[in-house]
Amino acid sequence: MFEFCADPASLEGMQWTMCYLTTGTHMLFYASFGTVLLLLAITAPVALLFGFGGAMASRSGFLPLRWFGKIYTSMVRGIPDIIFFLFVPLALDQAFEWTRHQFLCDSDAPVRQGNDFIVCAAAKLPLSNSAAWVHDVYGIFLAIIAFSIVFGAFAANVLYGAMQAVPRAQLETAEAYGMSQRQVTRRILIPQMWTYALPGLSNLWMILLKATPLLFLLGVEDIVYWARELGSSKTSAFAYPHPDWRLYYFLGILVFYLLMTWLSERVLGRVTRRLSAGQATMAGERQRKAGVA
Amino acid sequence: MKTLTLAATAILLTAGFASAQTVRIGTEGAYPPYNMINDAGEVDGYERELGDELCKRAELDCTWVKNDWDSIIPNLVSGNYDAIMAGMAINEERQKVIQFTQNYVPPQASAYAAMSADADVEGGVVAAQTGTIQASHVAETGATLVEFATPDETLAAVRNGEADAVFADKEYLVPHVEESNGELVWIGEDIALDEGIGVGLRQSDTELKDKFDAAIASMKEDGSLNEMIGKWFGEGAPLFE
């Protein structure tokens, strides 16, 4: 990074610190914050979509679809997250590779040979000769699916409850105007349910935020991985030897998560106020009175 | 029909290119001097240098993959990478699940290190890394075993008093003991536990095993393996005859 960093052994004090904090590994550490934010940015909308699908399925008049929605929400919510996170990426990966093996390989060797799970080179996902970043992206992709399935189930339950909470009178009025069932759902039910769903959804967002260190379990090099790796004591085999500094690194991560929480609370507070406007809820009523007065 | 045949050949051909051997080598990256992540963020250490040389001799195209120690064997058998070079000692228990090449580090000693010379390694609390031969050994003695996911955490446990002593590969502990300014001391005699360290491979991967075996044998023969051991582990390290 800096020119004076060429010979780390001769550095002292401030310069040592500056060079130490700009090593390649530290850059990867800083970049891993981006990984976490990226995961949040993709997972939150995808999980919300899963949740919306689950909630609509649970309300459906078509029995098998209703079963599917109910089973999805109750099953996924009942399984410990950590087991799900260990199971889903592994199962998905093997399912993908097994499927590709059926189509892309001309060998009839069994996929399972004793302890080994073997697909031919062409069926590997990603291919064994693809670049390292492809493997990383694939890992994050599997993680996003696992996160989305789990948080989608919770979101489905929240949205289902919110849909039930919309006053029946509102829907009845719409029906009286001659709207069809779909129009009622689209024009009345969905716009009104958000204000009921928001407390539950904001809770979920906070839990999702706190669950991101689970990435580390899935082998994605996230901030927890790098904090542990960089903080561990380094002998003189390394350019910047130091004792056990994990405490400081973890403290840094702690501050990061607190900041994220603080920021989320502010944004969510604003969204809540916005959504309450004109609603037949207590918050909406308060806003109306304040506006009038 | 003709286009179909053409397309099929094209797919077959490209599939053939795709299978041009890239061998992915899994390592822990937290076990200096065997393997570590250097300051540029790359896998480094004795095994990196050795692995690259072995691949050159076996004419393989190799890439390195970091993986947690805990899941390093399961991820090998499920095909995430093709070989393990992570300071993994050859022992019977592991050979039930994977196979090893001939050793590339001679049988070496394991040793106890502690903060005081009178630490009780027979009846006290001893730290070791999960799933290592050292952990199995401690479990068989009268000592209470505490396991940690990384080797560094076992040392940290001794330094902050959580454990009375740490039991690990001697070559791993040597730099830590030497650089601790007398804080850490050796306890008792070295103990021989393993048959050396080898490359871990899937049991079905005999072809790769033969290639690695031949490459290791050629390095033993021309003395370059001993030279490399001397470079990374210092003068006192055990060498091949």
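Select B:Ala113 and show its surroundings: beyond the neighbours within four places in sequence, B:Ala113 is in contact with B:Ala165, B:Val166, B:Leu173, B:Val177, B:Leu184, B:Val185, B:Trp186 and B:Ile187. Contact here means C-beta atoms, placed from the backbone, within 7 Å. You are looking at a predicted model, where local features need pLDDT of at least 70, side-chain atom pairs count only at pLDDT 80 or more, and totals for chains, interfaces and linings use all residues. Residues are numbered from 1 along each chain as its sequence is written, while chains are lettered from A and ligands numbered from 1 in the order in which they are written.

A residue is buried if 20 or more other C-beta atoms lie within 10 Å of its own, exposed if 12 or fewer, and partly exposed in between, with C-beta atoms placed from the backbone. Helices (H or I, at least four residues) and strands (E, at least two) are DSSP runs, numbered from the N terminus. Colour domain 1 (21–106 + 196–233) and domain 2 (109–192) of chain B, and you will find at least three core residues in each; the bounds come from an automatic or database domain assignment.

Show the open, mixed sheet of 5 strands, ordered S5-S1-S6-S13-S7. Strands S5 (61–66) and S7 (99–100) are at the edges with a single partner strand each, so one side of each has no neighbour in the sheet. Strands pair if DSSP finds at least two bridges between them. Select S1 (residues 22–27): S1 and S5 run parallel over 6 bridges, and B:Thr27 sits opposite B:Lys66 of S5.

**Finally, zoom out.** Chain B holds 9 helices and 13 strands, its C-alpha trace spans about 80 × 35 × 35 Å along its principal axes, and 46% of its 241 residues count as buried.

Definitions and conventions. Contact = placed C-beta atoms within 7 Å.
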